[in-house]
Amino acid sequence: DITSDIPIHITTGSDRHIKFIDERGTGESALILGYDFSKDTYELSASAGRKFVISNLDEISGSGTVLDLYKQLDIIGDVSTLQLKELDGSTTYTSQLQNNGNKLLISTLNNGDIELKTNQFDNAVYIDSSADRVGIGTNSPLATLHVAGNLQVDGYVTASVVTASTVYSSGSNIFGDAQSDLHTFNGIISSSSDIHLYDGDSTGNPLIKLHHAAGSDEGMLDI
């Protein structure tokens, strides 16, 4: 039994270690505890090919860089969680990564926001927790989904209501795909080309044609 401290004196230009030697193989140092002079680092390490397990540990704390990992970190449990805590006076801000079944959960425990970014793309994805909004390219989203920039959709866009100015810059724009579709427009529909209105018959011929005269505000309506 050890009932007092065991002093290990570190002198200039030397390492000091406690080594656990595994004599089942080549007699390697399976576990090392001590000081590495060349790195000026206190270390606790296992030799290559060994598993180093820390169990029943509630907290690793300290100032500066507390833990450097040079290998894969596995967190194993029924619900594996990695928590990041920032202390600001009497307030602790906590964020966490959690593996829950087949889901990866990224969350904050203080109603904080979440931001995904790179060095070149600030506010790539920003989740505003207080407003329940998501911004792409903005940290101040004004709607449930706010895209600050151009949006390209290679498929259908389905909306119950379209408000504000809607501009279609190119291509053929079709409203509705069945005779029962009803579209109400309050305001002005402007076009730099012809507007065709179809009744959905099998001929594919437009029911009404509104021809636009290039370079003029005038047009001609064919029924």
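**Exercise 1. How many salt bridges are there, and which residues form a salt bridge with which?**

Let's start with the count: it comes to 1 salt bridge. This is a predicted model, so treat each value below as computed from predicted coordinates.

Step 1. Recall the cut-off: a side-chain nitrogen of Lys or Arg must lie within 4 Å of a carboxyl oxygen of Asp or Glu.

Step 2. Look at Lys117 and Asp122, whose closest N and O atoms are 3.1 Å apart. That pair forms a salt bridge.

Step 3. Place Asp122 in the fold: Asp122 sits in the loop between S7 and S8.

**Exercise 2. Is Asp122 buried, partly exposed or exposed?**

Step 1. Use the cut-offs: buried means under 20% relative accessible area and exposed means over 50%, with partly exposed in between.

Step 2. Asp122 has a relative accessible area of 43%, so Asp122 counts as partly exposed.

Step 3. Now compare sequence with space. Asp122 and Gly137 are 15 residues apart in sequence, yet their C-alpha atoms are 6.9 Å apart.

**Exercise 3. In what order do the 4 strands of the open sheet with mixed pairing lie?**

Step 1. Read across the sheet: the order is S7-S8-S9-S10.

Step 2. Find the edges. Strand S7 (114-116) and strand S10 (145-147) each pair on one side only. From one strand to the next, the twist averages 15°.

Step 3. S8 (residues 125-128) pairs with S9 in the antiparallel sense over 3 bridges, whereas S9 (residues 133-136) and S10 run parallel, joined by 3 bridges.

Step 4. Pick out residue partners. Gly135 stands opposite His146 in S10, and Tyr126 stands opposite Gly135 in S9. Val134 has Leu145 in S10 as its bridge partner.

Step 5. Check the turn. The hairpin of S8 and S9 has 4 residues between the strands, and there Asp132 takes a positive phi near 55°.

**Exercise 4. How do the strands of the open sheet of 3 strands pair?**

Step 1. The order is S1-S2-S3, and the pairing is antiparallel. S1 and strand S3 (41-46) are the edge strands, each pairing on one side only. The twist here averages 10° from one strand to the next.

Step 2. Zoom in on S1 and strand S2 (residues 28-36), which pair over 7 bridges. In this pairing, Phe20 stands opposite Leu31 in S2.

**Exercise 5. Which residues make the nonpolar surface patch, and is Ile6 buried or exposed?**

Step 1. List the patch members: Ile2, Ile6, Ile8, Ile18, Phe20, Leu33, Leu44, Phe52 and Ile54. Together they make a nonpolar surface patch of about 890 Å².

Step 2. Locate Ile6: this residue lies in the segment before strand S1 (16-22).

Step 3. Apply the cut-off for exposed, over 50%. Ile6 has a relative accessible area of 57%, so Ile6 is exposed.

**Exercise 6. Where in the protein chain is confidence lowest, and where is it highest?**

Step 1. Begin with the whole chain: the average pLDDT is 76, and 70% of the residues score at least 70.

Step 2. Confidence is lowest in strand S13 (residues 219-222), at a mean of 53. Confidence is highest in S9, at 96.

Conventions:
Residues numbered from 1 in each chain as written. Predicted model: local features only at pLDDT ≥ 70, side-chain atom pairs only at ≥ 80, totals over all residues. Heavy atoms only, no water. Patch = residues over 30% accessible without salt bridge, like charges linked within 9 Å, V, L, I, M, F, W, Y side chains within 5 Å. Areas by Shrake-Rupley, 256 points an atom, 1.4 Å probe, with all protein chains shown as cover. Helix = DSSP H or I, 4+ residues; strand = E, 2+ residues; numbered from the N terminus. Buried < 20%, exposed > 50% of the residue type's maximum accessible area, 1.4 Å probe, protein only. Pairing = 2+ DSSP bridges. Axes fitted to C-alpha atoms, helices over the stretch in contact; angles between N-to-C directions. pLDDT = per-residue confidence, 0-100.
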